Amino acid sequence: MTSPDLDRGHIPSSAWKRLQNRALSDRRWSAYTLWAGIVIILLISVISFGAPLFGFTEPNQTDLLNTLAPPSWEHPFGTDDLGRDVLTRVVYAGRVDLTFGIITTYVSLFIGLFIGALAGYFGGLFDTIVMRLVDLVISFPFIVLILAIAAIVGPGLTGAYIGVLVVSWALYARLTRGEMLAMREKQYIMNAQTLGYSTWRIIFIHSIPNLLRSNLVFSMSDIVLNILTLAALSYLGLGVAPPTAEWGEIIAQGQKHLFTAWWISTLPGLIIVLVGVGFSLVGDGLADRLGEHGGGA
Amino acid sequence: MSILTYISKRLAQAIPVLLIISLFAFSIIHLVPGDPVHVMLGSHASEESIATLRNQLGLDKPLTTQYVEFLTKAIGLDFGSSLFLRAPVGPIVVERAKNSASLLIYAVIVSLSIAVPLAMLAAVRRNRLPDHLVRIFTTVAFAMPAFWTALLLVLIFSLRLKLFPTSGLGQGFPDRILSLTLPAITVGFYLAPVLLRSLRASLTETLSAEFVEAARARGLSEGRVLFKHVLRNSLIAMITVLGVNIGFLISGAVVVENVFAIPGLGSLMVSSVISRDYPVVVALILVFGVAVVFVNLLVDLSYAVLDPRIRL
Amino acid sequence: MNQNTQPSNPGQQHDGPLLDIVDLTIGFADARGIVLAANQINLEIQANQTFGLLGESGCGKSITLRSILGLVPYPGEVVAGQIYWQGHDLLQLSRKEMESVRGLDISMIFQDPTSSLNPVFTIGDQIVETLKVKLKMSKQDAQARAVELLELVGIPSPEQRLKLYPHQLSGGMRQRVMIALAIASQPRLLLADEPTTALDVTIQDQILNLLADIQHQTGMAIILVSHDVGVVAQNCDVIAVMYSGKIMESGLAHDVIQTPRHPYTRGLLEAVPTLEGAGQHHPLKSIPGQPPNLADLPPGCPFQPRCPFVRDECATITVQLDHQLPEHGSACPFVS
């Protein structure tokens, strides 16, 4: 939106260039984050779910003649103590981790949205109780809560799913309730009830842009958090059990050979970081697009 | 209102929260599918030992009686006996809490020394190269699994440079500090991006406040404006951010204690969940709950000390 | 126009204007594009003078004022022009040199006294800090001087007030404290950015009278930035009217108020209940249309969309005053 005919004959061209570069670099940064993130996520998802198409055949194919082999062209991430190709295991592990991250995040988003909307709309005792619970869940160390759930349900993927769901609905509930309250205030002023629609519907429909914005932006970091949580649980021996490939499990299995075969534990971590960065970039990009913070001046 | 009335009022507010936590802790054993005693002792246990354990845990009494007994005992730090360690839970927890507390404090110091300068840099040079670099750092650090960071640090600093031990806690203060350094860096690094994000936002807000411009217009040097006026104002924000993320911090420490085999509450929690040592699990949930409530109380109190606008 | 490019010796009495702003242009750039918040501003401020910079919010008057002290925030910067302070171009100063000009030769007070004092330090801390840093006073001297300063700006029982935090004072008192801070070093120029806008009407007059008193005693010059025609008309010797980054009209206050030449100035004056004609039944007019969007200005005169005298040629003119101060200049070649 640069004004075309700025009266600027008196401005030295060096100063004008500086302003133009500033405007351009600002635009570039926010334009690229979203796409960079989407490309990373798509790339890793496609390779992971279409693994055989890319030549990754069998994650648990052992090769006892070729154990603890360092990274090479044939085995870019090396092999583990059973001679399994680490990269293949990482690729297949992606299925478990990405599925876990996305399902836990969007199921808890849905639960949180529902509870938060009700609390924000009805207020009163229900709201008080729900928000007390939300505060408690948010401030409590989430891993302890999830470990407690694992103690009840028993270790394994099911326990991890339940545990993460029990924890992560709360932030969405808080976000949604805030938006609903704000909307309800506005609605009272506008007094739109007179139009004959139910207030509930008006508030909910009108809140959707704001709800989408805050919840969707947050859900991107939540996916990262939930994947990291599953990896941590598996690392601790309470999540996905061997021999199923999972990122935390691979790293845990490699730890006993850390000093002799560093690649088993370290290289898979790079993929976790890449995935995390991808989702965070999408989140940042969305925040920019959806106008959470309009740029400067 | 005097500070004592304020504290007692806040404590009173904490009671319902503590009750909910205690109810959750209490109900764990009852939520276990099937007979918890069978689960604990395994399928080959004799009828006799099952009856003994059931009686020992008080599971043969009515639920309300059980809960009341559980609460009264818990207040006296009596959490029963660990099935696995075959010792009273109370003293074990207290001993291990010391190690965890040292790790947490050390980690907070590390985390703040990473987050505060970087947040300052990002806020002062907002939307310019330093800010973008800090943003990249935040994004990458946020995506790093704590246990993986720990392994990287061990590889570099223990194996290659031989600066720190790989696991456990040494004897004596200097040794302990040395042993806790890598774990503290790991936890600090895990928490840093979360602190950094909030601090950058709050510092940006403070920097755009009129009193900052007024201080500059008065001819105070940029260093004085930043390190005296802005930083002092952000202290409250820092404490708030720390308080809000106390759960995140503890979660990181729980995982990291296991990587470095530190005899703390986190490693105890994990081993107890694995060995189905329910009395210990229950005790630890209560301890973590009380710790969180206590820290939040401290945070609230610090506002009153730091912000002259808040009067008790 | 005074093109005083010869730097005079420091300390030597300079006989041009105290402050001479030449072709000052300030640009801002972000993802939305580039705007010129101030464009070819020319101002001359003489010692002992009160100079009024009048305009609606967003016209660039505040940023012009800030540029004098080098306080244009990123992503903005001065892209052209000079600001001569007693013959020296302030824009050529290093950061350190600028820091020593601020609060010593030139001071500033702000719109909102509630937020222009640091809330976590006492009034005394803030005054003493400034005196120690800027005037190299000892702590004892600074404390004694702080009491004097508060007395000077009319704050009763100053010793007790020094121990208070900003939120414990009223808005008017806080603005007095800001003034005390600003005049601590007896500056030759005071920049006042809407100093009374956030205050009650009765307090407004007290503050403006206080400023006039201090000016009378010290001979300092004041640049008073305001959107309030009444405040500027009553307190200023010279007035410049700004619109979308341009000076539209300037001259002696009396001339500009009595015989406004530019349609925008006329509009502004008509929008005010007349000073003399209070009680008469003048219908209050406001300038039709929206304040300008700096990112989307029409070619030529920026006031066209709102101007009652608009004509085709307006799109082709260069906005430029036909006379420079002290004469009465207007940037509209068609209406006079």
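In this predicted model, helix H1 of chain C, residues 61-68, is mostly covered. Eight of its eight residues are buried. They are C:Lys61, C:Ser62, C:Ile63, C:Thr64, C:Leu65, C:Arg66, C:Ser67 and C:Ile68. Just after H1(C) comes C:Gly70, with a positive phi of about 70 degrees.

Chain C also holds a pair of packed helices, H6 (residues 171-183) and H7 (residues 201-218). Two packed helices are described by the angle between their axes and the distance between the axes. Here the axes come within 10 Å and cross at roughly 15 degrees. Angles under 35 degrees count as roughly parallel, and H6(C) and H7(C) are therefore roughly parallel to each other. The crossing of H6(C) past H7(C) is right-handed. On the H6(C) side, the contact is made by C:Gly171, C:Gly172, C:Gln175, C:Arg176, C:Ile179 and C:Ile183. H7(C) contributes C:Ile203, C:Gln206, C:Ile207, C:Leu210, C:Leu211 and C:Ile214. By class, seven residues of this contact are nonpolar, four are polar and one is charged.

In chain B, the mean pLDDT is 90, and 99% of the residues score at least 70. Among the elements of this chain, helix H2 (residues 36-41) has the lowest mean pLDDT, 78. The highest, 96, belongs to helix H11 (residues 246-259). Where pLDDT is low, the predicted coordinates should not be read in detail.

B:Leu235 lies in helix H10 of chain B, residues 222-244. B:Leu235 counts as partly exposed because it has 13 C-beta neighbours inside 10 Å. B:Leu235 and B:Leu199 are 36 residues apart in sequence. In space, their C-alpha atoms are 9.9 Å apart.

Key:
Residues numbered from 1 in each chain as written. Chains lettered and ligands numbered in written order. Predicted model: local features only at pLDDT ≥ 70, side-chain atom pairs only at ≥ 80, totals over all residues. Helix = DSSP H or I, 4+ residues; strand = E, 2+ residues; numbered from the N terminus. Buried ≥ 20, exposed ≤ 12 C-beta atoms within 10 Å, placed from the backbone. pLDDT = per-residue confidence, 0-100. Axes fitted to C-alpha atoms, helices over the stretch in contact; angles between N-to-C directions. Parallel < 35°, antiparallel > 145°, perpendicular 65-115°, else oblique. Left-handed = near helix turned anticlockwise from the far one by under 90°. Contact = placed C-beta atoms within 7 Å. Nonpolar A, V, L, I, M, F, W, Y, C, P; charged D, E, K, R; others polar.
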